[in-house]
Amino acid sequence: MPIRTKWLSRERLAFFAPLLLMLVFPVLGYLYKVFNQPDHEVYSLVTSFDKATPFLRAFVLPYSVWIVYIYICLVYFFFKDRTSYYRGVLMYTLCALTCYMIYSVFQTTVPRPEVIGDDVFSQLMRYVYERDRPFNCFPSIHCFSSYLMIRLLAVSPARNKLNRTLIYGMSSTIILSTLFVKQHVLWDVIGAVALVEVMYLLVIVLLPRLIGTRQRQRGLDA
């Protein structure tokens, strides 16, 4: 009984409560499915670079563990750098909603190769293709969220050689996987990176400055 009381103490519950913010991810996942269908003209952003990019089915593995990786990164930030955790959840949500708005008016698609073979990677690749329709491509959610982890760590006081190697390496691998498994094209990656940078500028840089300026102005007017 004392042990149970210790684990369910008010202080401990208050400490872990912010993790409930991650419940927004299932909601965003549901919205993704709503927009993952062509309701109007569908465009192609395929370039000569994408046509020359090989189809490497082994990259379906990092592609498939993407969301688990994002969860792990956010939980890591929760314990090591709470500010980056809050920023991560907020920016992921805003970037995802922005993507959905873009999908609603500018739906793109990527041609998929025929998957032949009964090896593990081929079976997993077919499973991914069956579950995720070839729309909702620009910007790439896989890419913006993976790049977001890089962006957060780059300015985090918790960064060190080990976590930079792990997060930079895994995020880059996931971004590359979107091209190698033919789920996205180069412009989807560029759009994802640009989206994070714009959102970071607006939410993390400009908005706090604007709020600070208004608070100082109110202090002067008081």
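**A chat about the fold**

Student: What pattern does the protein chain follow along the sequence?

Tutor: Reading along, the protein chain goes α-α-α-β-α-α-α-α-β-α-α-α-α. Helices (H or I, at least four residues) and strands (E, at least two) are DSSP runs, numbered from the N terminus. Bear in mind that this is a predicted model, where local features need pLDDT of at least 70, side-chain atom pairs count only at pLDDT 80 or more, and totals for chains, interfaces and linings use all residues. Residues are numbered from 1 along each chain as its sequence is written, and side-chain values use heavy atoms, with hydrogens and water left out.

Student: OK, how many helices and strands is that?

Tutor: The chain has 11 helices and 2 strands.

Student: Where do α6 and α7 sit, and at what angle do they cross?

Tutor: Helix α6 covers residues 66-80 and helix α7 residues 82-105; their axes come within 5 Å and cross at roughly 145°. Axes are lines fitted to C-alpha atoms, for helices over the stretch in contact, with angles from 0 to 180 degrees between N-to-C directions.

Student: Which residues meet there?

Tutor: Among them are Trp 66, Ile 70 and Phe 77 in α6, and Tyr 85, Val 89 and Tyr 92 in α7. Contact means heavy atoms within 4.5 Å.

Student: New topic: what share of the chain is buried?

Tutor: Buried residues are 39% of the 222 in the protein chain, where buried means under 20% relative accessible area (1.4 Å probe, protein chains only).

Student: And what box do the C-alpha atoms fill?

Tutor: Roughly 65 × 55 × 35 Å, taken along the principal axes.

Terms used: Buried means under 20% relative accessible area, exposed over 50%, partly exposed in between (1.4 Å probe, protein chains only).
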